[in-house]
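Here is a short briefing to read alongside the structure.

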Amino acid sequence: MTSLAETVTSASGAFAYRKLVTRRIVVLGALLALLFLSVAVDISLGPARYALRDVVSTLFWPAQADLQMRVVVWEIRMPMALMALTVGGCLSLAGAQMQTILANPLASPFTLGLSAAASFGAALSMVMGVALFPAALALMVPINAFIMAMAAALLIFALSSMRGVTVETNVLLGIAMVFTFNALLALLQYFASEEALAAVVFWTMGSLTKATWTKVAVTGGILALCTPLFARRSWALTAIRLGETRAAAMGVPVRRLRLETLILVALLAAVPVSFVGTIGFIGIVGPHIARLLLGEDQRFFLPGSILSGALILSVTSVLSKAILPGAVLPIGIITALVGVPFFATLIFTHGRKSW
C-alpha cells in the first residue's frame, strides 16, 4: 500500500507542476499582449501619427473609420507591422532549434552563416540574373536564397556529425562561412551596375518598407508550416538537450532529427532574408529570452521563441520610426546595435559556465 508520506509527496509534486504550467501559460499570454500593443504602436507611427485608441478602433471596427485612415492602417502600415511579426518569429524559431540540435548557445542562422549564404544566393539573382532553379524564374530570389542556405545547413550538419567536432568548432565554422559568403557578396557588388549595387546595399541593411500582403502571406505560411512539424517533435527536441547518448537511449533518432531540423531551419532563414534582407541577432536574442522565461520544455519554449522574436522585431520596427521622426531607418542596423552587446554578454557568460 502507498504510504501517507508518498501520497503527500505525489500530491505536492503534482501541485508544483500545475503551478509551473500555469505560470508558463501566463508568460505566453503576457508576451502575446505585449505583441499586440507593440503592433498597435508600430501602426500609429509614421509621417502621419495617429492616436493609439484610433488605431485600435480602426483595427477592430474598420467600417467606422474614415477612408484615409483605413487605407493608411490596413494597406500601408499593417503589412509592415505583420511582416515584422512573421520575420521575427521565423528567425527566432530557426535560432531556437539550431541551438537545440547543435547544443550551442551561440547558434543562429546569422552566426552560423545561413543568413549570409541566403543573402549571397539572393544577390546572385539580383545582380547577375542567375537562377539556381531555372524552372521557377518568377521566384528566383527566394529560391536562390533557400538553395544556398540549404547548402550551408547541410555543410554544418556534415561537419558537426564528424567525430571530435566540438561546440567551439561549430562556432568557428560558422564564422568562416559568414566571412566567405560576405566576401562573395562583396565581389558581386564590385561587378554590379549602379542600380543593382544600390538595390543590394539597401537590401543587405534589412528593411520592412517593401512589405506586401503577398510577402506577409508567404513568410506567415512558412512559419505556420514549420511550427507544427517542430511541435510534433517537441518531446524528441527536449530529450536531445540531455545529450546525444541519453536521447538515443530514449529512442530518439538523433541524426535524422538533426537533418530534418536543419532543413526546416534553412527554410525559415532563407525566405525572410530573401524578402527583407539580412537581419541579425534575432535568432540569438529571441530564443534566449524564451529560455529564460519558460525553460527548455519545447511545449512552451517553441511558442515562446516565436513570440519573443516577433516582439523584438516589432519593437525594433517601432524604434526605426521613432529615432528619426519622418524617416524609417533600416531595421537591420538597429537589430545589430541592440544584438551586439547581448551577443558579447552571452559569450562572456558562456565562457564562465556550461550551457
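Asp-297 and Arg-299 meet through their side chains in a salt bridge, at 2.6 Å from N to O; the term stands for a side-chain nitrogen of Lys or Arg within 4 Å of a carboxyl oxygen of Asp or Glu. Salt bridges with shared partners link Arg-24, Asp-297 and Arg-299 into one network. This is a predicted model, in which local features need pLDDT of at least 70 and side-chain atom pairs count only at pLDDT 80 or more, while totals for chains, interfaces and linings use all residues. Residues are numbered from 1 along each chain as its sequence is written, and side-chain values use heavy atoms, with hydrogens and water left out.

- Asp-297 counts as buried because its relative accessibility is 19%; buried means under 20% relative accessible area, exposed over 50%, and partly exposed in between (1.4 Å probe, protein chains only).
- Arg-299 has a relative accessible area of 45%, so this residue is partly exposed.
- Asp-297 also forms a salt bridge with Arg-24, with the closest N and O atoms 4.0 Å apart.
- Asp-297 sits in the loop between α12 (282-294) and α13 (298-322) and Arg-24 in helix α1 (residues 4-44), so their pairing ties together parts that are 273 residues apart in sequence.
- Helices here are DSSP runs (H or I, at least four residues), numbered from the N terminus.
- Both Arg-24 and Asp-297 are buried.

- How many salt bridges does the count come to? By this rule there are eight, including one between the side chains of Glu-260 and Arg-256 (3.7 Å, N to O).
- Glu-260 and Arg-256 both belong to helix α11 (residues 254-276), where they are four residues apart, about one turn of the helix.
- Glu-260 is partly exposed because its relative accessibility is 27%, whereas Arg-256, at 53%, is exposed.

**The nonpolar surface patch**

- Leu-197, Val-201, Phe-202, Met-205, Ile-333 and Leu-337 make a nonpolar surface patch of about 480 Å².
- The elements giving two or more residues to this patch are α7 (194-204) and α14 (331-352).
- Helix α7 gives the most, with three residues.
- Patch members have over 30% relative accessible area and no salt bridge, and nonpolar side chains (Val, Leu, Ile, Met, Phe, Trp, Tyr) are joined within 5 Å; accessible areas come from the Shrake-Rupley method with a 1.4 Å probe.
- Ile-333 has its place in helix α14, and its relative accessible area of 41% is why this residue counts as partly exposed.

Key
Patch = residues over 30% accessible without salt bridge, like charges linked within 9 Å, V, L, I, M, F, W, Y side chains within 5 Å.
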